[in-house]
Amino acid sequence: MKKYKVLLLGASGIYGTTWYKEITRLEVTELIGVCASSMESFSKLPPVTRTPHDFYDNIEKAIYECDADIAVIVLPTHMHARACDLALKKGMHIICEKPVTANLQEAAQLCEEAKKHPDQKFMVAQNYRFHNHIRTLKWAAQNNIAGQISNILYEFRRPENLWGYRTNMELPLLKDVSIHHFDLMRYITGKNCTEIYSVAYKQPWCEFRDRASVEAIIKMEDGVIVNYTGTWSSRGAETLWDGKITMFGDKGLLTLDEKGQVIYIPAEGQPKVLENISDKTNRDTYKLTGELSKELCKGKDSQVNNCKEETHRCFSEQQKVLLHLIQCIEENRVPETSIWDNYNSFEMQWAAEVSIKENRPVRLTGL
Ligand SMILES: NC(=O)c1ccc[n+]([C@@H]2O[C@H](COP(=O)([O-])OP(=O)(O)OC[C@H]3O[C@@H](n4cnc5c(N)ncnc54)[C@H](O)[C@@H]3O)[C@@H](O)[C@H]2O)c1
C-alpha cells in the first residue's frame, strides 16, 4: 500500500519532537521534510529516523518544495493560519495542532478556504477525544447509563507548566488548554454550545504573568448546563489533563475521576467502575480496511495478538490522530475533528474570551 509522505512543521518544539518520534515509528508514513525556526534547533530531534528527510528553516519554502501528502502543523498557534492556508493551496491534507488559529476570523477564513479543496482532509489534532476513558464516558452518556443528563461539573486543576512562550501568554489556561475541554464537552454530550458567561482570575501564587484560572457557566443545546472551573496554577488535588468530569443524570452520576476511571454512581446502590469499552467505540474510528490494516499490523511485536481489534493499545494518541486522517483519506470520509467541526469548539474559546473582557454572557452562532 502507498506510504503517506509527511511534512512536519514545528518539528523541534516541545510537542513537535513528540510528533517527530510518532510519525517516524509508523509503518504507513514516511517523514520526508521537517521545518523549524533555525537549523540549530534540529539538534533537539531524536536520532531516530528510518529515512533521510529534508530540513527547512522557512515554512513557505518547506511547503513549496516538499512534495508531501500530509502536512502536520505543530508551529506556535499564531502561525497556524498561514501554514494551513499554504498547505491547502499546495494540495496537502492537513493535521493542525490546537487551537486551530489565533482568532475566530482566521478560523472562519480557513473553513472557507478548505471548502475550495474538497478532496483534501483537514483535521485539527484534538487528541484528547482519542483517549480510551473519554470514549468510555461518551459511550456511557450516550447509552443513558445514568439516565438523562441535566448538567455537568467540569473541573481542571494542574500546576503551571511554563513551557516555551506560555509564561507571558494572555489568559494561558483559556488560550492554550481549555480548547481541549470545550471540545470534550461537545464530544461527550453530542451538543453544541449556545452561550457562555466566563470570568478569569489569577491566584496570588500563580507564576504565569496573566490570569490562569477560569470559571464559566456554559449552556449547551437542549439546555444542558456545564459548570467549568479550571485552574492552571493549582496546588494539589490535580486532575488529568482531560479534567475531572461529573455528569448528573436522573438515575445517578457518571464521573471521570483523577485516575482516569469512569465510574457510575447510581442514586441507590454501589458505585461501579465501568469497564473500558474503547474496544467497541474505537472500532468505529479505526475500522481498519484491508490493506491499511495489514500494513499497520506489520512489524507489531507479539505482545499484540490481534492488532486489528486492539488498535487503541498499539498506537500512541498522535498516531491515532494520524491514522484517523489516513483512514478518512482512504475512505473519503470527513474526519471527526475536521476544521468545520472544530470551529464550534474554537468558537467556545473565543466566546469565553469575549465574555471575560466584556463581562457579559456571549451567544454563539456557529459558522
Ligand atoms: N495537543 C496537545 O496536547 C498539545 C500539547 C502541546 C502543544 N500543542 C500545540 O502545539 C503547538 C506548538 O506548541 P509547542 O509547545 O511545541 O511550541 P514550541 O514553541 O515548543 O515549538 C514551536 C516549533 O515551531 C518552530 N517555529 C517557531 N517559529 C518558526 C518560524 N518562524 N519558522 C519555522 N518554524 C518556526 C520552532 O522552531 C519549534 O520547532 C501549539 O499550537 C500548541 O498549542 C498541543
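This is a predicted model: local features need pLDDT of at least 70, side-chain atom pairs count only at pLDDT 80 or more; totals for chains, interfaces and linings use all residues.

Me: How many helices and strands does the protein chain have?
Reply: Helices (H or I, at least four residues) and strands (E, at least two) are DSSP runs, numbered from the N terminus. Here the secondary structure comes to 11 helices and 15 strands.

Me: What share of the residues counts as buried?
Reply: Buried means under 20% relative accessible area, exposed over 50%, and partly exposed in between, with a 1.4 Å probe and protein chains only. Of the 367 residues of the protein chain, 58% are buried. Accessible areas come from the Shrake-Rupley method with a 1.4 Å probe, and for residues only the protein chains shown count as cover. The protein chain exposes about 15800 Å², of which carbon and sulfur atoms supply 49%.

Me: What share of the contacts joins residues 24 or more positions apart?
Reply: Contact means heavy atoms within 4.5 Å. Among contacts in the protein chain with a separation of 6 or more, residues 24 or more positions apart account for 69%.

Me: What is the strand order in the open sheet of six strands?
Reply: Strands of a sheet pair through backbone hydrogen bonds, either parallel or antiparallel. Two strands pair if DSSP finds at least two bridges between them. In this sheet the order is 3-2-1-4-5-6, with parallel pairing. Strand 3 (54-56) and strand 6 (122-124) are the edge strands, each pairing on one side only. From one strand to the next, the twist averages 20 degrees; axes are lines fitted to C-alpha atoms, for helices over the stretch in contact, and angles run from 0 to 180 degrees between N-to-C directions.

Me: Which residue of strand 3 is the bridge partner of glycine 33?
Reply: The partner is aspartate 54, and three bridges join strand 3 to the parallel strand 2 (residues 29-35). Helix 10 (residues 317-331) packs on this sheet, touching strand 1 (4-9), strand 2, strand 4 (70-73), strand 5 (93-96) and strand 6. The direction of helix 10 makes about 155 degrees with that of strand 5.

Me: What is the strand order in the open sheet of nine strands?
Reply: The order is 14-13-12-11-7-10-9-8-15, with mixed pairing. Strand 14 (272-273) and strand 15 (362-363) stand at the edges with a single partner strand each, so one side of each has no neighbour in the sheet. Helix 11 (residues 339-358) packs on the sheet and touches strand 8, strand 9 and strand 15, its direction making about 50 degrees with that of strand 8.

Me: How many bridges join strand 8 to strand 9?
Reply: Eight bridges join the antiparallel strand 8 (residues 193-201) and strand 9 (residues 213-220), with isoleucine 196 partnered by isoleucine 218. Strand 9 also pairs with strand 10 (residues 225-231) in the antiparallel sense, over seven bridges; there valine 214 has glycine 230 as its bridge partner. The hairpin of strand 9 and strand 10 has four residues between the strands, and aspartate 222 in this hairpin takes a positive phi near 65 degrees.

Me: Which residues are closest to the ligand?
Reply: A residue is near a molecule or strand if one of its heavy atoms lies within 4 Å of it. The ligand is surrounded by 25 residues, the closest being Ser12, Ile14, Tyr15, Ser37 and Lys98.

Me: Which atom of serine 37 lies 2.9 Å from an oxygen atom of the ligand?
Reply: It is a backbone N or O atom of serine 37. A side-chain N or O atom of glutamate 97 is 2.9 Å from a nitrogen atom of the ligand. Taken alone the ligand exposes 850 Å², and the protein buries 84% of that.

Me: Why does histidine 80 count as buried?
Reply: Histidine 80 counts as buried because its relative accessibility is 0%. Histidine 80 lies in helix 3 (residues 80-90). Not counting residues up to four places away in sequence, histidine 80 touches residues including Ile73, Cys96 and Glu97.

Conventions
Residues are numbered from 1 along each chain as its sequence is written. Side-chain values use heavy atoms; hydrogens and water are left out. A polar contact is a pair of N or O atoms within 3.5 Å; within protein, one must be able to donate a hydrogen and the other to accept it, and residues adjacent in sequence count only if both atoms are side-chain atoms.
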